[in-house]
Amino acid sequence: MTKTSPYGFAGLAKASSSDGSADSGRASDGLAENSGASSLALKYASPGTSGTSAKDSEDSAEARRADRQAGAAPFRKSFPRKAAALAVNLLAAFFFLMAAFHIIAGRLPDPLSGGGGWDWTVRLTDRHGALLREYLSPGLSRRDLTPLEGFSPHLINAVIAAEDKRFWKHPGADPMAIARAALTDLRARRIVSGGSTITMQLARISLGLAPGPRTFRRKAKETLLAFLIERRHSKREILEAYLNVTPTGPGTFGFAAASKLYLGKPPRNLSPAEAALLAGLPAAPSRLNPFRNPERALERRAWVLGRMLIQGTLTEDEYSRALSEPLRLSGSTPPFLAPHFAAKVRELLPPEPPEHVRSALDLDLQLQIEKLARETVETGRNRGLEQVAVVVISLPDREVLAWVGSGDFHNPRDGQLDGVSNPRQPGSALKPFIYAAAFDLGLIAPSSLMADEPSDYPGWNGVFSPRNYSGGFSVPVSARTALGSSLNIPAVNLTNALGVSRVLAKLRELGLSSLNRDHDFYGLGLALGGGEVSLIDLLSAYAALADSGLWKPPVLILEASPAPEPGFFPRKARAAGGPGAPPAGAAGESRPGSTPRSHASEEEPQPASPARSGAPMPAARSESTPDAALPGAASEEARPGTPTGASWSGAEAGQEVPSAAGGPTGAGPAAPGQARRVFSTAAAFMVRDILSDDRARALGFGTGGVLSTSYPSAVKTGTSTNFRDNFCLGFASGFAVGVWAGNFQAQPMSRISGVTGAGELWRKVMDLMAARRPPAPFPKAPDSVREVRVCPVSGLPAGPDCPNSVQDYFPADRPLPRQCLHSEMDLAAIPVLGRELRFQLIRPSSREIYALDPEAHPGEARLLALVQSVPGVEELVFSLNGRTVGRRRVDGYARASFSIPLTRGQNRLEVEGLRGNMAPLRDRANYTVR
């Protein structure tokens, strides 16, 4: 035996009236409705005179007063006849309208074809599915479009029981509900119920009608549109659309969004009590808000449960349990995690974004790094270090695993500024790319000697005189030491030898598009960070060194679900079983005699779009990027600070592009997600080997320290002028980490360098990553590199007399320099980049004095003269005291020796370098022999 709900129809009408029906503009069945035929209500609200006779008109005044005292007795006597006539007329009008409607419906547009703009909520998650952020639609509405199969059967039953119990059977409008609503209105002498169905409510929403006066004209329009919707769409489609778009709370539409807002769970996991709670919301979303009015929400829930009991979708036991179930609200607010990263992803989304975006971010790692960033700021604040930024990417796929834009996003002063995207001066962090370019051109090798001495370079804005960080100078140093110890003067000399325009072009190939000024603007100061780059772009460039010279754009998004179809339907694909059938567990059945109908768009082939075909989705272009410059291609006009070519997915990564720009590396533009070769494998390997060599850092930083890890890693720091910015970037096998430290006001810090500032945080993040992803050893030298024993003094391949030779690398496709003649070596004659080699007589030098061995036989004492030759000289002619004593053939930067006799007294040795038809080069020395 069924048990009646304590909240029956009479109580419902009263509750609906007290709720204020203007809040939602509608109700269903016994609920108050913001629509209806007010004219009909007025017509039948009081007894009229059209039915009275002449005899009645002649009644005495006393009889009429008696009738008035009897109240509404005449109305009660005539009401059944008038109500029956009204019901018959309404039914006749209903069927007449149905017939007329089906004649003209084929020419009317589909009311659910959709409007302009997107109106769904975009959910951004990390790589494991944890929710990071919800992006609301332009109308600031929360909507989570869900297919019908994603809703609990309890919720579907509750909605149908509360809103439209004959939903599966009527053709859009329910004649019985209309007739009953008319009778109810007549009894109340006002419009109480309009008999709206789910389809009519959906029609009202499709028109965008706000709550307003209940008029017959408005109700007729809703009815007409409901017929049209039913003719064009299946019952399942209509129910699915209604469940997704009906208002359920402040700025919240659809039951899926309401389920997550109020209950903190997806709509497929609802209990009967929870389903009834949500199903009651559309009657008055504001007044029934369970956060603000839990008592009213529970009363409404009890009424819906009673309707479900009456409909037979709940047993008495289920009803009793649901009625006593306590109200458990989530009490949670939507998450606001990885805020800078979420903002960057939002910039990349297309104008109509997908519903679900799964990012590459690892939330657990992100939260741990955010904690380390806060601690670093707290420690360094008293020295001017007020903000830090950290970005971590995986190798070789370039997926962004962490993105911390500031030490504290909620800092009201500048926490919202994003240090990962904000361009800053990188200091020495650009030097590895200059050396890699020089290796590719064969200008130097890691063992080549470079000058480290005061130099002045005139320019358009004055003389540029670079100095080292230490303020001192060294003897000629190897390129390995110069890069590892970050010496400034060798880097400037190297940039001068390469040419600023060549270096600038190479940096742009690496995605550093914020360097968009002319090469004259930067000058040789470019080698020392005289431009501005973002941390994400810079780390992507370092990843190219780790990945054998291949540049790829950073990957922020792993996958994105398709954008919804236009209109009210969340998915084009429908459940198996055919449209029109009730979902599993729902009460009711298909309309008798109905034929399954398909959505019109399902019957016609549609062009495939990336969002629906599963193809990789392109990244959004910067507004300032020309149409021809796709993301992923280096562009001088790209917006500073935007990660060039930030990709939707890495599906296309690993593809190399043929040369389109020429140059020694054959680098050219790349489409989004593609790779392009910027450096040769040999050059990238040699730079990586230097950056991982702790001994190469000894001159500038000492050995050990925060830059020296217990696992193989490569690292480089950078400090801008006056300690305004710190950078520390490096990588191990499998991941790369970049750190910026400073303040957004560009104020100098108190002598915090890249090692003591950004370097310490870099080491902590590297160790954290190494614990999560233990790095493997770096790959061995590729076939394009040869290992050679090198003289540490000359930088040349070691000769047989060279002691203490060391191992170093040279490109395999270039001939080796000649071997070091250690026994004849003079430091002044060694080729040194940045020091001009001139034609000169190295030994003997003027004013030298030699003493003969008294025991030597006359004519046996000899002196080995040494000459530095230069290109163009073909033959050396030696003359002693005006008499030619010998000739030697030479080529290029050769050092030639010749044995001359020692004679007592003053001597003059001259050497001529013959150059064909050109004037010979000459040098001489005056020396004394005793």
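**Figure 1. Salt bridge between Lys-265 and Glu-274 in the predicted model**. Glu-274 is buried, with a relative accessible area of 13%. Its partner in this predicted structure is Lys-265, and the closest N and O atoms of the two side chains are 3.1 Å apart. Lys-265 is partly exposed, at a relative accessible area of 23%. The bridge is one of 24 salt bridges in the structure.

**Figure 2. Salt bridge between Asp-808 and Arg-480**. The N to O distance between these side chains is 2.8 Å. Asp-808 belongs to strand β20 (residues 806-811) and Arg-480 to helix α18 (residues 479-484). The pair links distant parts of the chain, the two residues being 328 residues apart. Both Asp-808 and Arg-480 are buried. The two residues also take part in a network of salt bridges, in which they are linked with Asp-689, Asp-693 and Arg-695.

**Figure 3. Salt bridge between Arg-763 and Asp-767 within helix α27**. The side chains of Arg-763 and Asp-767 meet with an N to O distance of 3.1 Å. Both residues lie in α27 (residues 755-772), and because they are 4 residues apart they are separated by about one helical turn. An α-helix has 3.6 residues a turn, so residues three or four places apart point the same way. Asp-767 is partly exposed, with a relative accessible area of 31%.

**Figure 4. Contact of helices α13 and α14**. Helix α13 covers residues 294-311 and helix α14 covers residues 316-324. Their axes come within 10 Å and cross at roughly 175°. Angles over 145 degrees count as roughly antiparallel, and α13 and α14 are therefore roughly antiparallel to each other. On the α13 side the contact is made by Arg-301, Ala-302, Leu-305, Gly-306 and Leu-309. On the α14 side it is made by Glu-316, Tyr-319, Ala-322 and Leu-323. By residue type, the contact of α13 with α14 divides into 6 nonpolar, 1 polar and 2 charged residues.

**Figure 5. Nonpolar cores and the surroundings of Tyr-435**. The largest nonpolar core has 88 residues. Phe-433, Tyr-435 and Leu-538 are the residues with the most contacts inside this core. Helix α22 (residues 535-546) gives the most to the core, with 9 residues. Leaving aside residues up to four places away in sequence, Tyr-435 touches Ile-444, Met-450, Ala-479, Ala-482, Leu-483, Pro-490, Ala-491, Leu-494 and Val-687. A second, separate core has 48 residues, among them Val-159, Ala-203, Phe-255 and Ala-279.

**Figure 6. Helix α19 and the residues at its two ends**. Ser-486 is found in the loop between α18 and α19 (488-498). Ser-486 has a positive phi of about 55° although it is not a glycine, and it is buried, with a relative accessible area of 9%. Helix α19 is mostly covered, with 9 of its 11 residues buried. The buried residues of α19 include Asn-488, Asn-493 and Thr-495, as well as Ile-489, Pro-490, Ala-491, Val-492, Leu-494 and Leu-498. Of these, Pro-490, Ala-491 and Leu-494 are touched by Tyr-435. Gly-499 follows α19 and has a positive phi, near 100°.

**Figure 7. Backbone details at Ala-338 and Pro-396**. Ala-338 is placed in the loop between α14 and α15 (339-348). Its phi is positive, about 45°, although Ala-338 is not a glycine. Ala-338 is buried, with a relative accessible area of 2%. The other detail is a cis peptide bond that joins Leu-395 and Pro-396, with omega about 5°. Pro-396 lies in the loop between β7 (387-394) and β8 (400-404).

Figure 8. The protein has 930 residues, of which 52% count as buried. Among contacts in the protein with a separation of 6 or more, residues 24 or more positions apart account for 70%.

Conventions
Residues are numbered from 1 along each chain as its sequence is written. This is a predicted model: local features need pLDDT of at least 70, side-chain atom pairs count only at pLDDT 80 or more; totals for chains, interfaces and linings use all residues. Side-chain values use heavy atoms; hydrogens and water are left out. Axes are lines fitted to C-alpha atoms, for helices over the stretch in contact, and angles run from 0 to 180 degrees between N-to-C directions. Angles under 35 degrees count as roughly parallel, over 145 as roughly antiparallel, 65 to 115 as roughly perpendicular and the rest as oblique. Contact means heavy atoms within 4.5 Å. Ala, Val, Leu, Ile, Met, Phe, Trp, Tyr, Cys and Pro count as nonpolar, Asp, Glu, Lys and Arg as charged, and the others, Gly among them, as polar. A nonpolar core is a set of buried Ala, Val, Leu, Ile, Met, Phe, Trp, Tyr and Cys residues joined through side-chain atoms within 4.5 Å. Buried means under 20% relative accessible area, exposed over 50%, partly exposed in between (1.4 Å probe, protein chains only). A salt bridge is a side-chain nitrogen of Lys or Arg within 4 Å of a carboxyl oxygen of Asp or Glu.
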